[in-house]
Every structure is written in structure tokens, then in C-alpha cells.
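Subject: Structure handover and notes

Dear colleague,

I am passing the structure on to you below, and my notes on it follow. Please read them with the coordinates open beside you.

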Amino acid sequence: MPALCLALQGEGASVELWTQDETVIPPAGLSTRKVLPGALASELAKVKQAHPQTVIHDHGMWLPWNHKVAQAAASAKVPRVVSPRGMLDPWAMKYRAWKKRIAWALYQKRDLQSAQLLHATAKQEAEHFLARELAPEVFISPNGVHLPPAGLERKSKPEQLRTMLFLSRLHPKKGLLDLVQAWAAIRDPEWQIRIVGPDEKGHRAEVQAAISAAGLTSQISIDPAMAGGAKWQAYADADLFVLPSYSENFGLAIAEALACGTPVVTTQATPWEELETEHCGWWVPTGAASLEGALRDAIAQPMDELVAMGKRGRELIETRYTWPTIAVSMLRAYRGLV
């Protein structure tokens, strides 16, 4: 969200980021204001009076804050855009399903119906809106991605060992157990798998146990989360990126890997059909069996073909997924509301 705000500013919009969390540290150059839920309506009314062409863009669902934003926007007669951020995906709706059924009936569906525009990051997410019989117009615009630092180069590998990288949250929906199962059937000694990311819900221990049980501790390692230059270097050093997820509304890690020129293996639970149409990766059904087939095909490719796929992936990101490009399309949608 801060990246989107800065990109919108770069295209001439006046932007302010509102949050109820006083621990939020905004990036340089972005105006941020702490607003308590009870003050949302009055504060928004003041902004609307000073700036008649105001739009409020709310991100996420389910929280009391989101419900208060809906009420405040209606009270101040300010057009409201809502980005559910994957929270209407079938997998997400099954998580704590009974709580969500109650919230959906009490306020959440009504709040989405009263929005002037729903923002989806991909056609796949937009279809989830339609499946829920939501009436507002749907606008599709992907997330943007920052390009890696200039001059990023691959580090040499010991004994030419090739690397497959997973870089994301260690969460059950990410399909890591499928990855372990698939690799247990392959066991190519010329490859190693590097799993990088923060543990969620104790899933790291479950994945580590599966690695040990399969006898793969010499081929699969798990490292803590990375950020900044270390993260970009991990992408650049990889020969393949893998994300065997069961639910992604966008999949930022996929875009970041492509931006580094690394071909991607992922599932059709992510909105990345372009991997096939642009010939920069593999896009297969979820599950260990289909993942195994894709990995066998991927690691059989000669290095120059993987490099060529990576270059096509980088071109895809530069053409369609940089933040200035996203900001222009988002501003067009905002202007249509005012």
C-alpha cells in the first residue's frame, strides 16, 4: 500500500495514508495520519469539504476498521474503492469459516455491496467476487513490483550446484509439503532447494519433519526471512523459483523472482497464466503429482534455456507490472468515480 501511495503521488495525486496503528512507520515522502475508528466519519467529512474530488481506498476485509470505513464513506458521501486482497478466495473463506459466515451475514457483504468499485489484482480474483454475487463494478489492476537494485549479479555456486528457491511465508497454504513430497520422488543430486521465509502457525516444524522423514536434509534447507539486498540476492542466485501455493490473489514473490530474471514454477491457484503464454515458467494444477511433473521438466532444461526464460520474465515485469504503470491505471479508475 505505501508503494502504491508513492506511485500515485508520482503521477500527480494528493495522497494520505490513514491507519489506526500508531506503530506504522511510513516511507519518506508519504503523509501518514493515525485516525481512530470513531473519528473516521468526521475526519473524512473535513477532507471532503476541503477537497471535493476525494476517493477513499480501503484495503482488506473483516476488521472493525473496514466496517467503520464503509460507514464513514457513506456518511460523507465519498466514493469508496475496496481491495479485498485475496480475502474472498475459496481457501481464505474456509479459514475460520464459521466466524466469517456470521460477519458476512451481519455486515461484510453489505459493506462490499455499498462500495462504488471493487479492486481485484487478477481476473481470477474478480471471478471470486462474481461467485459471491457482489454487484459493484469490478476493476482489475495487478500489484506493482519494485525492480531489483542495479548491478545485481549471480554469485558463483560451489561445484556448480543449481538452486531452486522458495521465498514466502511458511504457511500451510503455500504447498511446502507438496514440494517435499515431489522432490522426494526426484532427488536430483545436482540441485538443492532453499526455503526462505518467516514461520507461521508452527508450520516450519511440520515442514522440517517432512524433510527429515524423506531423508532430504542434505538437499533442502530452511532459512529465516530475508529483506532488502539479501532478498534480492537470493532471487538472483536461484536458477528456479517455486511457489506451490493453494491460494494467492496475486503472488508478489512470483513477480519479484521474474524481475530478477528467474523462471518460476507455480500453481494455477495463483493468477500467473502469463508464465505459460509468455514462456517464462510453469503454471500447473495444485498438488504434489503435477508439481513433480513440472519440476522434472524444469530441471531438465539446459541452462541457456532457463536464462532465456528469465529474460522473458524480466521483460514481462518491466512492461506490465512496474508501479508507475499500476498508478496510471489506478488513477484512471479513481477519476471515473469523481
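In what order do the six strands of the open sheet stand, and is their pairing parallel or antiparallel? The order is β9-β8-β7-β10-β11-β12, and the pairing is parallel. Because β9 (220-223) and β12 (281-284) stand at the edges with a single partner strand each, one side of each is left without a neighbour in the sheet. From one strand to the next, the twist averages 20°.

Before going further, please note that this is a predicted model, in which local features need pLDDT of at least 70 and side-chain atom pairs count only at pLDDT 80 or more, while totals for chains, interfaces and linings use all residues. Residues are numbered from 1 along each chain as its sequence is written, and side-chain values use heavy atoms, with hydrogens and water left out.

As to terms, helices (H or I, at least four residues) and strands (E, at least two) are DSSP runs numbered from the N terminus, and two strands pair if DSSP finds at least two bridges between them. Axes are lines fitted to C-alpha atoms, for helices over the stretch in contact, and angles run from 0 to 180 degrees between N-to-C directions.

Within the sheet, strand β7 (residues 162-167) pairs with β10 in the parallel sense over two bridges, and Met164 stands opposite Leu240 in β10. On to β11, the parallel pairing of β10 rests on three bridges, with Val265 in β11 as the bridge partner of Val242. Four bridges then join β11 (residues 264-267) to β12, again parallel, and here Val264 stands opposite Gly281.

In a regular strand the side chains alternate between the two faces of the sheet. Strand β10 (residues 240-243) is covered on both faces, with Leu240 and Val242 on one side and Phe241 and Leu243 on the other, all of them buried (under 20% relative accessible area with a 1.4 Å probe, protein chains only; exposed is over 50%, and partly exposed is in between).

Turning to the helices, α7 (residues 176-186) and α12 (residues 288-299) pack at an angle of about 55°, with their axes 9 Å apart. That makes α7 oblique to α12, since angles under 35 degrees count as roughly parallel, over 145 as roughly antiparallel, 65 to 115 as roughly perpendicular and the rest as oblique. The buried residues of α7 include Leu176, Asp178 and Val180, and what covers its buried residues includes β7, β8, α8, β9, β10 and α12. After α7 comes Arg187, whose phi is positive, near 50°.

Leu295 touches residues including Met164, Trp183, Val242 and Val265, not counting residues up to four places away in sequence.

Lastly, His128 lies in helix α6 (residues 123-131) and is buried, with a relative accessible area of 16%.

Definitions and conventions
Contact means heavy atoms within 4.5 Å.
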